[in-house]
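Q: Could you walk me through this structure, please? I would like to take the terms slowly as we go.

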Amino acid sequence: MEKRRNYSRKREAILNAVRSTRTHPTADWVYEKLKPEYPDLSLGTVYRNLAQFKQDGTIISVGVVNGQERYDGNVKPHTHFVCSKCGSVIDIPDDYIGADRIEQAERKYRLQIDSTDILLRGVCPDCLNKAK
């Protein structure tokens with residue numbers, strides 16, 4: 001039996017904060033953004049709701065960058081690039097693994113693949129320009 005969650009303005013605000021930015025925010029970023037509007041908001045509430053959204057598939061985790069988990073409100077398949085210098089996370093909209101390659105891996109290794117995540121790492125254009 002699935003647990004029903006009651007509507008919460010804070011929960012909705014947390015989700016909207018993640019969905020409204022392309023910065024791939026941290027829990028701290030979400031907390032700082034919402035705290036002025038919701039003075040009684042706790043960082044624990046933000047973490048709990050982000051974990052639940054991630055579990056539900058409402059948001060995804062890009063992974064841990066510079067010690068903090070980063071989130072993405074865009075759940076459609078896409079690739080991420082993480083800058084090893086500044087830690088910025090950039091969406092790469094191209095699909096680098098086609099359905100044919102996924103099916104091939106499923107057959108070869110006798111798997112059922114439900115999703116794919118590709119994370120590219122390197123140096124972003126801003127950091128490359130600063131280095132010049």
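A: Let us begin with a term: a residue is called buried when its relative accessible area is under 20%, exposed when it is over 50%, and partly exposed in between, using a 1.4 Å probe and protein chains only. This is a predicted model, in which local features need pLDDT of at least 70 and side-chain atom pairs count only at pLDDT 80 or more, while totals for chains, interfaces and linings use all residues. Residues are numbered from 1 along each chain as its sequence is written, and side-chain values use heavy atoms, with hydrogens and water left out.

Q: Which residues of α3 are buried?
A: In α3, the buried residues are T45, V46, N49, L50 and F53. They lie on the same side of α3, because they cover an arc of only 125 degrees around the axis, where the arc is that of the directions from the helix axis to the C-beta atoms.

Q: Why do residues three or four places apart point the same way in a helix?
A: An α-helix has 3.6 residues a turn, so residues three or four places apart point the same way.

Q: And which exposed residues are on the face turned away from the buried side of α3?
A: That face carries the exposed residues R48 and Q55. Just after α3, G57 takes a positive phi of about 85 degrees.

Q: What covers the buried residues of α3?
A: The cover includes α1, α2 and β2. Helices (H or I, at least four residues) and strands (E, at least two) are DSSP runs, numbered from the N terminus.

Q: What about helix α1, which residues are buried there?
A: In α1, which takes in residues 9-19, the buried ones are A13, I14, L15, A17 and V18, and what covers them includes α2 (27-34), α3 (43-56) and β2. At the start of α1, a side-chain oxygen of S8 comes to within 3.3 Å of the backbone nitrogen of K10.

Q: Changing topic, where is H78, and is it buried or exposed?
A: H78 sits in the loop between β2 (68-72) and β3 (79-83), and it is buried, with a relative accessible area of 11%.

Q: What does the side chain of H78 make a polar contact with?
A: It makes one with the side chain of D72, at 2.8 Å. A polar contact is a pair of N or O atoms within 3.5 Å; within protein, one must be able to donate a hydrogen and the other to accept it, and residues adjacent in sequence count only if both atoms are side-chain atoms. The backbone oxygen of K76 also lies 2.6 Å from a polar atom of the H78 side chain.

Q: Which residues does H78 touch, not counting those up to four places away in sequence?
A: H78 touches I60, D72, D91, I92 and P93, where contact means heavy atoms within 4.5 Å.

Q: How many disulfides are there?
A: A search of the whole structure finds zero, with a disulfide taken as a pair of cysteine sulfur atoms within 2.5 Å. C83 is in no disulfide, and the nearest cysteine sulfur, that of C124, is 3.7 Å away. C83 counts as buried at 2% relative accessibility, and C124 is buried too, with a relative accessible area of 3%.

Q: Last one: how many helices and strands does the protein chain have?
A: The protein chain has five helices and five strands, and from the N terminus on its elements run α-α-α-β-β-β-β-α-β-α. Of its 132 residues, 32% count as buried.
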